[in-house]
Amino acid sequence: GFALYGKTGRSFRLPSVEETNFTSPALLEPQTSRDREVGIDYRTGGTSARLAVYRNDLDNEIAFNPLVFDNINLSPTRREGVELEARTRVTPALDLFLNHAHVLARFRSGVYGGTDLTGKTVPLVPRNAFSVGVSWLKGPKTRINATLRYVGEQRLVNDETNTEVQQIPAYTVVDVRLAHKLAGWTLEAGVRNLFNRQYYTQGGVSGTGVIRVFPAAERNGYVSVQHSFR
């Protein structure tokens with residue numbers, strides 16, 4: 001049930017139309033990356049798991065700055081960390097799952113406001129994030145999911161020098177979802193942020209030290225209908 005793997009490669013991402021639209025001047029360099037990863041997969045019966053260690057060296061990473069409503073290319077950055085995914089079938093109708101990511105996102109080089117960025121943490125990247133949940137097959141065509149998501153602290157936008165004491169606080173939210181399949185149709189309804197937590201995922205500090213944050217949505221629900229043509 002075990003498999004070892006390793007991979008290396010190069011990737012790139014061109015700016016989207018939306019990203020170029022909100023950029024002055026209206027030209028962003030393509031984001032490029034050198035990627036390496038090694039890991040182990042495990043599968044047996046109703047249990048599966050993956051553990052991976054990776055390093056991505058990025059040049060011209062495209063980032064959005066909400067303070068000035070603009071997109072920019074960052075100085076050279078690096079993302080390295082560990083990812084864990086696991087899922088197990090407790091009963092024929094009940095699955096448990098877990099996902100965890102531990103990442104160090106740092107500048108490889110660059111200067112910002114006269115400060116050397118080498119080794120500084122990249123804003124808006126949490127060091128730890130994980131989710132745990134349960135998936136219940138209530139009937140042959142009906143499934144209910146409940147997921148708890150935790151996201152750790154993040155540096156504010158424009159705090160590339162890591163000198164700001166305040167950070168975007170960690171937060172935990174719970175989402176629930178009900179899906180039902182019916183003759184090629186999938187009907188779905190859900191509630192995000194079930195316990196109505198107040199938190200934010202975007203925030204930045206201006207050049208004069210003023211901090212602005214952008215609150216995330218409070219408790220909200222949705223419905224969707226999808227049809228598969230076969």
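Predicted model: local features only at pLDDT ≥ 70, side-chain atom pairs only at ≥ 80, totals over all residues.
Residues are numbered from 1 along each chain as its sequence is written, and side-chain values use heavy atoms, with hydrogens and water left out. Local features need pLDDT of at least 70 and side-chain atom pairs count only at pLDDT 80 or more, while totals for chains, interfaces and linings use all residues.

An open sheet of 10 strands shows antiparallel pairing in the order S1-S2-S3-S6-S7-S10-S11-S12-S13-S16. Strands are DSSP runs (E, at least two residues) numbered from the N terminus, and two of them pair if DSSP finds at least two bridges between them. Strand S1 (2-13) and strand S16 (220-227) stand at the edges with a single partner strand each, so one side of each has no neighbour in the sheet. On average, neighbouring strands of this sheet are turned by 15° against each other, direction ignored. Strands S12 (residues 171-182) and S13 (residues 185-192) run antiparallel and are joined by seven bridges. Arg177 stands opposite Gly190 in S13.

Three aromatic pairs are found in the whole structure. Rings of Phe, Tyr and Trp (its six-membered ring) pair if their centres lie within 6.5 Å; planes under 30 degrees apart count as stacked, over 60 as edge-to-face and the rest as tilted. The ring centres of Phe2 and Tyr42 are 4.6 Å apart and the planes stand at 45°, so this pair is tilted. Because Phe2 lies in strand S1 and Tyr42 in strand S2 (residues 31-44), the pair ties together parts that are 40 residues apart in sequence. Phe2 is exposed, at 63% relative accessible area, and Tyr42 is partly exposed, at 28%. Here buried means under 20% relative accessible area, exposed over 50%, and partly exposed in between (1.4 Å probe, protein chains only).

The rings of Tyr171 and Tyr199 have centres 4.4 Å apart and planes at 25°, so the pair is stacked. Tyr171 belongs to strand S12 and Tyr199 to the loop between S13 and strand S14 (200-205), 28 residues apart. Tyr171 is buried, with a relative accessible area of 9%, and Tyr199 counts as buried at 16%.

Terms used. Helix = DSSP H or I, 4+ residues; strand = E, 2+ residues; numbered from the N terminus. Axes fitted to C-alpha atoms, helices over the stretch in contact; angles between N-to-C directions.
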